[in-house]
Number of protein chains: 2
Amino acid sequence: MSKKYEYAFPMPSVTVDLIIFTIIKDQLCFLTIERKHPPFRGHRALPGGFLEVDRGETLDEAAQREAFEETNLKDLFIEQLYTFGDPNRDPRGRVITVAYYCLVPSGVKPVAGDDAKNAEWTPVYGVADMAFDHSKVVQVALDRLKGKIAYTNIAYQLLPKRFTLTELQNVYEIILNETLDKRNFRRHIMSRGLVASTKERRGGAHRPAKLFTFNQKTADSQLACLTSTS
Amino acid sequence: MSKKYEYAFPMPSVTVDLIIFTIIKDQLCFLTIERKHPPFRGHRALPGGFLEVDRGETLDEAAQREAFEETNLKDLFIEQLYTFGDPNRDPRGRVITVAYYCLVPSGVKPVAGDDAKNAEWTPVYGVADMAFDHSKVVQVALDRLKGKIAYTNIAYQLLPKRFTLTELQNVYEIILNETLDKRNFRRHIMSRGLVASTKERRGGAHRPAKLFTFNQKTADSQLACLTSTS
DNA sequence: ACAATAGTGTCTTTTAGACAATATGAG
DNA sequence: CTCATATTGTCTAAAAGACACTATTGT
């Protein structure tokens, strides 16, 4: 392959990296792949790839494309997180990466281990030794997630369409890493008007719990003042 | 100048753009330059420039460098805002811009009109017709500023080292674009412990007001949980 | 009936909002 | 003493926090 593109100045590469969060067995996890080649061979890394300039894709589209490649799911919740561009973050050259975080409901399986990748869900606590600056990227994503869950409705992205309030509370507790009072939590959620109760119930071993859905109408109006990437 | 740098794929350019806010005559303003060449000749644009890959500068350093070029001030408050990369945002080619916002105290003069630039402070309300996607960038910056002023101490960046509480309230009112109750505002600010009163007073036409300073100690601890770009 | 989870009510504390009179210093 | 701005206090309303018992279903 010959080098066909010429520039008067050295150009940085632009990649999009993804922190795909999900909840597995009461743990907040994110998707990692194993690097099969240097640098950082054998270390775990965030999924990501080059922005495909020749396709004319936007950054958001690149993030959605990568997310689809890993999960086979379209139109996932993604949001730009931060752009990392320290000169030494990649030993091969100057690489600017625009990081996005993504939330998927429990139960999603990573796209099968394409030999080259070996994708796995990894618990967020106690990850070390990631490739590049990815440990830092994950930390920033986690901070953002913690910050945003308090005043947005993104938690719903981690649950199926119908869920119980106990399940919702679990999501909050897992992300915030603290226990919440059941009564206060329910009052808080209900007063927001973001959930609507259905007539269905989830039968477990004991008293069945009401199933709720995310109330799109009120959510949209509330999100209007929240989506400003703040 | 020959094109010396070759790549196997088309590369995007990476620029850093700045929204430099200040307050002038009770108006929130930001720095614009006039474009002297196409595209968008004659339109106003945000100051910015290419990331200098050969110098090995970080994104933050590039932002500080640009800010210095425009204001002659070092170590200004800057924070990464968002990365814009739509394929058609610059008609000359694929340009990814990492936007930073920056806050400077009142009274700073833009670096003199270097012919090529003609820098000016422009009120944030009623800006239209900016070059590229810069109107959108400014809107995002303004939303972020409004969001952050409520729960961080960034407002102090817009004031001199010593300021009166009335001046501080003015900053809040100008940014939020609403009036605030004087007593409630003062209670709110004082309860945060972010300001320390000095023994000096500012003599105006009438009763002199106490001068306050930003209280770095408490600020640092409070900032610790706020600087996570959330 | 019992085990296990779902669901609810009240008091207290804190924070935010509305509101107007007094204090001080320059001229 | 007058003008202009600085400064302060209280009542009310809303939100957050602490806390424990009853309800429902499967087994």
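This is a predicted model: local features need pLDDT of at least 70, side-chain atom pairs count only at pLDDT 80 or more; totals for chains, interfaces and linings use all residues.
Residues are numbered from 1 along each chain as its sequence is written, chains are lettered from A and ligands numbered from 1 in the order in which they are written, and side-chain values use heavy atoms, with hydrogens and water left out.

**Surroundings of DNA strand D**

DNA strand D is surrounded by 17 residues, the closest being A:Arg187, A:Arg207, B:Lys182, B:Arg186 and B:His206. A residue is near the strand if one of its heavy atoms lies within 4 Å of it. The residues of this surface comprise nine charged, five polar and three nonpolar; Asp, Glu, Lys and Arg count as charged, Ala, Val, Leu, Ile, Met, Phe, Trp, Tyr, Cys and Pro as nonpolar, and the others, Gly among them, as polar. Helix 4 of chain A gives the most, with four residues. Helix 4 (182-192) and strand 11 (209-214) of chain B each supply at least two residues. Helices (H or I, at least four residues) and strands (E, at least two) are DSSP runs, numbered from the N terminus.

Sugar or phosphate accounts for 42% of the atoms of DNA strand D within 4 Å of the protein, and bases for the rest. The table lists polar contacts, that is, pairs of N or O atoms within 3.5 Å.

| Side chain (N or O atom) | Atom of DNA strand D | Distance |
|---|---|---|
| A:Asn184 | base nitrogen | 3.0 Å |
| A:Arg207 | base nitrogen | 2.8 Å |
| B:Thr166 | phosphate oxygen | 3.3 Å |

**A sheet and a loop in chain A**

In chain A, three strands form an open antiparallel sheet in the order 9-11-10. Strand 9 (162-163) and strand 10 are the edge strands, each pairing on one side only. Two strands pair if DSSP finds at least two bridges between them; strands 9 and 11 of chain A have two bridges, and A:Arg162 stands opposite A:Thr213.

A:Gly193 lies in the loop between helix 4 (182-192) and strand 10 (195-202) of chain A. Its relative accessibility of 25% makes A:Gly193 partly exposed, a class between buried (under 20%) and exposed (over 50%), with a 1.4 Å probe and protein chains only.

Key:
A polar contact is a pair of N or O atoms within 3.5 Å; within protein, one must be able to donate a hydrogen and the other to accept it, and residues adjacent in sequence count only if both atoms are side-chain atoms.
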